[in-house]
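I opened this entry to keep track of what I looked up, starting with confidence and moving on to the strands.

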Amino acid sequence: MKTMLVNLRAEATREAHRLTIARAIARAGTRMPVDRPVCASTPDRGRPLIARVRTARRRRLLAGRMLFIWQLASEDAIGRTIATSVVAMLLRLDPLPCGREAARRLVDRVVEIEARLRDAIDAELRTRQRELLDACGADARSRLVRDRAIAARHSSSADRHGGYQAGLFDRRRERAHRERAIEMQAFDEVAQARVHAAESAATVSPSQPRLLLVLAP
Amino acid sequence: MQKPQSPRPGDLVVVRRSRWRVADVRRYEHCALVTLHGSGRHDTRAVRRVVTPFDVIECIDRDRRPRVIGSRGWWRACGTAIAGERPARGLVAARAAAIDLLPYQLEPALAVVHGLATRLLLADEVGLGKTIQAALIVSELIARGAIERVLVLTPAGLRDQWVDELSRRFDITAMRVDARMLRRAAIDLPIGVNPWSTVGVAIASLDYVKRPEVAPAVASVPWDVVVVDEAHTAAADSDRRAAAHALASNASYVLLLTATPHSGDRDRFASLCDVGAVDDTPLVVFRRTRSDVGVAGRRRVHVVRVRASAAERRMHSRLLRYASAVREERANRRSAETLLALGVLHKRMLSSAWSLAQSVERRLQSIATEDDVDEPAQLTLPLADAFGESTDADQPPAWPSTLRLGDRDRERRLLTVLLSAAREAAAAETKLRRLAALLRRTSERMVVFTEYRDTLLHILRKIARPAIVLHGGLGREERADALRTFATTPGAVLLATDAASEGLNLHHGCRSVVNLELPWNPSRLEQRIGRVDRIGQPRTVHAFHLVAATTGEDRVLDRLRARIAVAESDMRAADPLSDRTHERAIARALLGGESDDEDDAGESAGGGDT
């Protein structure tokens, strides 16, 4: 009997705080009661959204810069998003277009920035990306250890290697043995599929940073 | 222009003429399993899974060109992006769960996410929300796409509670699997399809799953997570333990839930800790008390000493006379078993004179009909309870074969005298009088616990307040009705046996528990009080233990205290005392009060050697 105690009190307190804030942010602007949790929403993977600040205070805060919000993500080997992180970046740029067709020209400017500065942005975000990557997949790795142990136990089980004596006239034992062998094979396949799935989940790679939002002065 | 494309998580798509957002894509060699979340205003919580290319998925908008929007929409999107962040070492599902964010409840889920555990024992004190913690782990793993099949093994009475908690708090659709459901599924499904394999999250009774005709079908499904609720019932060398271990040792994650993992028996605890073990990876244990987590409620325990009446003392002395006759005759043969059997008889007496009279009457009948013992001749098929909804654990045990005298006439004489004394005592039992006095003092709802069903039915006839019974013989609907009636009837008294009440939440509107007799296992005592002493209980909890002072029950109390102390220390340092030692010691204390130190020392040494 091996037991282990783990103390995650500090992490749990931080996590509860983070979740409380996330709930409050998601609820902001809605009429949902404070004690009611918000519905989970999938982050919009559509087009980047651009807005211009409307108030003088926010314009002052931006001080002629543009706010870019990027999303970093890690994916496992089957393309599932494992973790995401939102990174804000302030860029000082030439004066922005105004007047007629300002919106279209603003979009062109953002597209141009995204294309022109892609490498610089990638380099800027690389450290954060690496941090995210390092923290990913711990659960999948520990699961992989257990799934491998289960698969190994199946393949070395006594039932599999135990001999049997076929009857001379009575075929029941033979049939039972055959059924057992089929069952064992099915178990093997399931165990191997699980190990394969856990390996895929434990193989984590970064995906390209994605521009989510732009706030222009 | 809408056209079939390879979907990616986050894409807005049209499937079967409805709009969805792609939540997850799992690619296989020739197909992909796509999980979709509802995207319309009214179906944001809807989840569908489709397989491409069999289902056509049309991506609505893959244009990556930025779009200018209004300020309000932008800030809303910004909030969604920040709130929807998925930190690698953080929890995904807890944000949307209908739970209060109590840090200690997040710890087990964090341990799983951090890769510290795949096999956990959640052994927090009663009422700290172990179900929520386990459900949080399950929902987190589902949200991460790590698991698909979950099996929750729980006492039959808690299945509906699990289904409700998973659905209401975590938006997980779970299915109660029992004989009725399987029978229905077998009619609908093609021949050869295992009904268990069609359920994503199955809630089943451990007693049902362990049945030989059910176990192979359950075991053939590759469960990703096996949750064993009230796991102390699956300890030691039992069918339950074997079934739980067989299922858990093939699962990627194992969660064992119990507030009372240790009852003073080290071997039992060790066997519990080994459920689902496949290698040397240690079992990760979470054991927090209310004061540890800062939610200590107030609990007052009242030991109410009841002075036995003359009739009860007479019954006690007659029982001792019969016991000494049996012990004299069987002094050299199976003395430990005889002692235990006599202990059970005393237990019946301490429960109520009525229940002792019932046992003795049955024994006298079996002597009269020349049946040697009234033990069951063979295993019975579960025909009376095809759906696995009831339990016989609160029924009186069969008269043990070791409890008889060679001289039938002498035994008949002794038992006849004992029966008449028990009947006389049952006419006016002091414990019931005391219970009635307690009930007169308050108009609040109360829960009265007893170990035996016949005692429970006896009390029902004797008390004046509106009473509801909850015992192992009730079916699912009857139990639900009983609990509903108790919750809605002001001043109602719930008469319950341990077998029927395990795991129930009765703390809404009830704070008092009466123990008509002391159980010999301290875990049971804690489980009983834990029905009302839970998180969310706003008032001081009162526990009343009725102790018959002059019939040896005070010595049971002393033994219980000692055993609780051992269990408490044993969670940290080993100091074993087995159940049998404990029960024999109680039996010996009841049968004359001689010192049991010698025997205990012997047992302890034996336990240490093994």
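I am working with a predicted model, in which local features need pLDDT of at least 70, side-chain atom pairs count only at pLDDT 80 or more, and totals for chains, interfaces and linings use all residues. Residues are numbered from 1 along each chain as its sequence is written, and chains are lettered from A and ligands numbered from 1 in the order in which they are written.

**Confidence.** I looked up pLDDT (the predictor's confidence in each residue, from 0 to 100). Chain A has a mean of 79, with 86% of its residues at 70 or more. Over residues 32-44 of chain A the pLDDT is below 50, and this stretch has 31 contacts in the model beyond near neighbours in sequence (C-beta atoms, placed from the backbone, within 7 Å).

I traced eight strands in the order 1(A)-14(B)-8(B)-13(B)-12(B)-9(B)-11(B)-10(B), with parallel pairing (strands are DSSP runs of E, at least two residues, numbered from the N terminus; a pair needs at least two bridges). Strand 1 (3-5) of chain A and strand 10 (175-176) of chain B each have a single partner strand, so one side of each is left without a neighbour in the sheet. Three bridges join strand 1 of chain A to strand 14 (residues 283-286) of chain B, and L5(A) stands opposite V285(B).

**Strand 18 of chain B.** Five of the five residues in strand 18 (493-497) of chain B are buried (20 or more other C-beta atoms within 10 Å of a residue's own, all placed from the backbone). Strand 16 (residues 445-450) of chain B pairs with strand 18 of chain B in the parallel sense over five bridges, and M446(B) stands opposite V493(B). Strand 17 (residues 467-470) of chain B also runs parallel to strand 18 of chain B, joined by four bridges, and A467(B) stands opposite V493(B).

How values were computed: Two residues are in contact if their C-beta atoms, placed from the backbone, lie within 7 Å. A residue is buried if 20 or more other C-beta atoms lie within 10 Å of its own, exposed if 12 or fewer, and partly exposed in between; C-beta atoms are placed from the backbone.
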